[in-house]
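User: I have not looked at this one before. Can you walk me through it?

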Amino acid sequence: MHVQEWLETVPAVSIYVLVGVVIGLESLGIPLPGEIILVSAALLASQHGDIDPVVLGACAVAGAIIGDSIGYAIGRKGGRPLLAWLGAKFPRHFSEGHIATAEKSFEKWGMWAVFFGRFVALLRIFAGPLAGVLRMPYWKFLTANVLGGILWAGGTTAVIYYVGVVAESWLKRFSWLGLVVALLIGLTSMLVLKRKAKKVTAEQQPAGLAPEPVPAAD
């Protein structure tokens, strides 16, 4: 069965909940394909009037903001032992190199690392928990979190929805090909960050350095 044909059998409210929950869990720090789910749902909304793109976008924004806030609270309470635990559970996502790369982003951009992190697949997982671990002032985190959540989740929904409306004839038979395209978009940004993480790890190993805590900018 084509993906779209299967999704057509699911009530609209289930699509809203699925998008909000998956994006929320991803923002909380659990590696999930939030971007793929959002792109697929927005494309589906462009082809079926039962799914309201405004409600879909609102659910995505809410999931992003709430998930990041929970991740921040968990990171603030768990500290660096939490990152070590995550590294043991998800070594491909929370390796020392990835954490070091994310810390350098926080060192350079401060609160805006949370904002820009929304648009990078792997950094999106780190932003909330790492901001809490580094004890970034909550009002700064919340500002960047809300702005980033609205622009990324709401913007992605709007852009993909209108692209779907324009390309309606081509998308009528949207199936696994659509998911492959969405997956490639997410993987591209992830591979860029992984390459940077490997570079950081390689630079640290000759000097025998371990990632040092980076204080959040005031």
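Analyst: Start with a crossing: that of α2 and α3 is left-handed, a term used when the near helix is turned anticlockwise from the far one by less than a right angle, with right-handed for clockwise. Helices (H or I, at least four residues) and strands (E, at least two) are DSSP runs numbered from the N terminus.

User: At what angle do α2 and α3 pack?

Analyst: Helix α2 covers residues 12–28 and helix α3 covers residues 34–47; they pack at about 160°, and their axes are 9 Å apart. That makes α2 roughly antiparallel to α3. Angles under 35 degrees count as roughly parallel, over 145 as roughly antiparallel, 65 to 115 as roughly perpendicular and the rest as oblique. The axes are lines fitted to C-alpha atoms, for helices over the stretch in contact, and angles run from 0 to 180 degrees between N-to-C directions.

User: Which residues of α2 and α3 meet?

Analyst: From α2 there are I15, L18, V19, V22, I23 and E26, and they meet G34, E35, I37, L38, A41 and L44 of α3. Contact means heavy atoms within 4.5 Å. The residues of this contact between α2 and α3 divide into nine nonpolar, one polar and two charged. Ala, Val, Leu, Ile, Met, Phe, Trp, Tyr, Cys and Pro count as nonpolar, Asp, Glu, Lys and Arg as charged, and the others, Gly among them, as polar.

User: Before we go on, where do these numbers come from?

Analyst: This is a predicted model, in which local features need pLDDT of at least 70 and side-chain atom pairs count only at pLDDT 80 or more, while totals for chains, interfaces and linings use all residues. Residues are numbered from 1 along each chain as its sequence is written, and side-chain values use heavy atoms, with hydrogens and water left out.

User: Where in the protein is confidence lowest, and where highest?

Analyst: The lowest is helix α9 (residues 168–171), at a mean of 56, and the highest is α2, at 91. Those are pLDDT values, the predictor's confidence in each residue, from 0 to 100. Over residues 207–212 the pLDDT is below 50, and this stretch has seven contacts in the model beyond near neighbours in sequence. Where pLDDT is low, the predicted coordinates should not be read in detail. The protein averages 76, and 67% of the residues score at least 70.

User: How many helices and strands are there?

Analyst: The protein has 10 helices and zero strands.

User: Back to packing. How are α3 and α8 arranged?

Analyst: α3 and α8 pack at about 40°, with axes 8 Å apart, and are therefore oblique to each other. Their crossing is right-handed. Among the residues that meet are L38 and A42 in α3 and T157 and I160 in α8.

User: Is T157 buried or exposed?

Analyst: T157 is buried, with a relative accessible area of 3%; buried means under 20%, exposed over 50%, and partly exposed in between (1.4 Å probe, protein chains only). Not counting residues up to four places away in sequence, T157 touches L38, A42, P53, L56, G57 and A60. Across the protein, buried residues make up 48% of the 218 residues.

User: What about α2 and α7?

Analyst: α2 and α7 pack at an angle of about 70°, with axes 6 Å apart, and are therefore roughly perpendicular to each other. E26, S27 and L28 in α2 meet A121, R124, I125 and P129 in α7.

User: Which phi does R135 have?

Analyst: R135 has a positive phi of about 55°, although it is not a glycine. R135 lies in the loop between α7 (121–133) and α8 (138–166).
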